[in-house]
Amino acid sequence: MTLLANLLAIAIVLNIIESAFPIIPVPGAKLGFANIVTLVVLYIYSFKDSSILTILRVLLVALLSGKLLGPVFYMSIAGAVTATLVMGIMKKTNFFGMIGVSVIGSIFHCIGQIVAGIFVIGSTAIIWYLPIMLFLSIPSGALTGIIAKRFVATWQTWHNEIS
Amino acid sequence: MKITKNKQTNRDIVLSILLFIIAGIAYVFIQILSTESDATKAHIYYGNLSTPIVTIDFAHNNGEGRIIVNYNQEVRSQYGNYPIISEEKQTITLLGDYEIEGIRQIVVIKYDYTKKSVEIIEEQSPNNICSREGESRGKPLICLPNRIRVEFETSEDVDFTI
């Protein structure tokens, strides 16, 4: 429980830092480092814990940045929830490893965002942005997957040493 | 266990590369489509309303062009009247949803009848996504924090509605 709370804090910090300092030169695009935490919790805890953590992260980040209930908020929560849901299902099938699950998650993050965006602006015009979003999110999804995989591997050896 | 892990990693790599190529092709395709399309009209919308506030009619009177204001924005009187149309500067100014110190900010849209293009030249938002988009001749421009968007209409659409 304490570790989960710490992980949530890390996720919030990662989320805020990457919104403040854009590493990718494309406006609005983020590497999605907070997703590392979602993925790690999904693998070392459970789907339920991962979902709760992700929803809390989005809510708290929106609250801290003063964007709660704004148009961008609905898009980020829809994206995060869709991604977590799909990653949970993909992990269950056991067909892909962590990197694959992360890439699929990042794709559904974009799709979730776009679908919410259609409702927010009341027009399907936002679909035009999907290809560029996917093009950027696939490599970043792979990167976050690699980092999360390393984290879980380290965590497991550490965990085995204690017990 | 080790073998299945390796298999999964191989699948991961194949999946990532394959999806990246597909997304890349789709992106290039969209870019080409947006520069080649020949729009006859551009509609400027606010919020999730389905009727445009302003319509730019590029094709009117053999390319002379005209601006149609469908209705005024409903804003508190302290802000004044919007949209503001400047035929001389070729700009349309609307009031966006993005607030700085509780004051809603303006969005300035520039149009060009001969190029049949629209560009958002001034706007306040955290990432300035829509103004960095530059000139568009077919791709919609969306200012999400301001809840203002520009959508194009091509001649095929006109035939379809008639």
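Colleague: In this predicted model, how far apart do the C-alpha centres of domain 1 and domain 2 of chain B lie?

Modeller: Chain B is divided into two domains, domain 1 covering residues 1-36 and domain 2 covering residues 38-161. Between the C-alpha centres of these domains of chain B, the separation is 36 Å.

Colleague: Which strands form the edges of the open sheet in chain B?

Modeller: The open sheet has 5 strands with antiparallel pairing, in the order β3-β2-β1-β9-β8 of chain B. From one strand to the next, the twist averages 15°. An edge strand pairs on one side only, which is the case for β3 (66-69) and β8 (141-143) of chain B.

Colleague: Which residue of β2(B) is the bridge partner of K41(B)?

Modeller: Strand β1 (residues 39-46) and strand β2 (residues 54-57) of chain B run antiparallel and are joined by 4 bridges. In β2(B), K41(B) has as its bridge partner D57(B).

Colleague: Over which residues of chain B does pLDDT stay under 50?

Modeller: The mean pLDDT of chain B is 86, and 93% of its residues reach 70 or more. Where pLDDT is low, the predicted coordinates should not be read in detail. One stretch of chain B, with 2 contacts beyond four places in sequence, stays under 50: residues 157-162.

Colleague: Why does the radius of gyration of chain A agree with that of a compact globule?

Modeller: Chain A has 6 helices and 0 strands, and its pattern along the sequence reads α-α-α-α-α-α. Its C-alpha atoms fill a box of roughly 55 × 35 × 30 Å along the principal axes. Because a compact globule with 163 residues would have a radius of gyration near 15 Å, chain A agrees with a value of 15 Å.

Colleague: Which helix supplies the largest share of the side of chain A that touches chain B?

Modeller: In the complex, 24 residues of chain A are in contact with 29 residues of chain B. On the chain A side, α4 (71-93), α5 (98-121) and α6 (130-162) each supply at least two residues. The largest share, 7 residues, comes from α6(A).

Colleague: How many charged residues has the side of chain A that touches chain B?

Modeller: Sorted by class, that side of chain A holds 19 nonpolar and 5 polar residues. The count of charged residues there is none.

Key: Residues are numbered from 1 along each chain as its sequence is written. Chains are lettered from A and ligands numbered from 1 in the order in which they are written. This is a predicted model: local features need pLDDT of at least 70, side-chain atom pairs count only at pLDDT 80 or more; totals for chains, interfaces and linings use all residues. Two residues are in contact if their C-beta atoms, placed from the backbone, lie within 7 Å. Ala, Val, Leu, Ile, Met, Phe, Trp, Tyr, Cys and Pro count as nonpolar, Asp, Glu, Lys and Arg as charged, and the others, Gly among them, as polar. Two strands pair if DSSP finds at least two bridges between them. Axes are lines fitted to C-alpha atoms, for helices over the stretch in contact, and angles run from 0 to 180 degrees between N-to-C directions. pLDDT is the predictor's confidence in each residue, from 0 to 100. Domain bounds come from an automatic or database domain assignment. The radius of gyration is taken over C-alpha atoms; the globule rule is 2.2 Å times the number of residues to the power 0.38.
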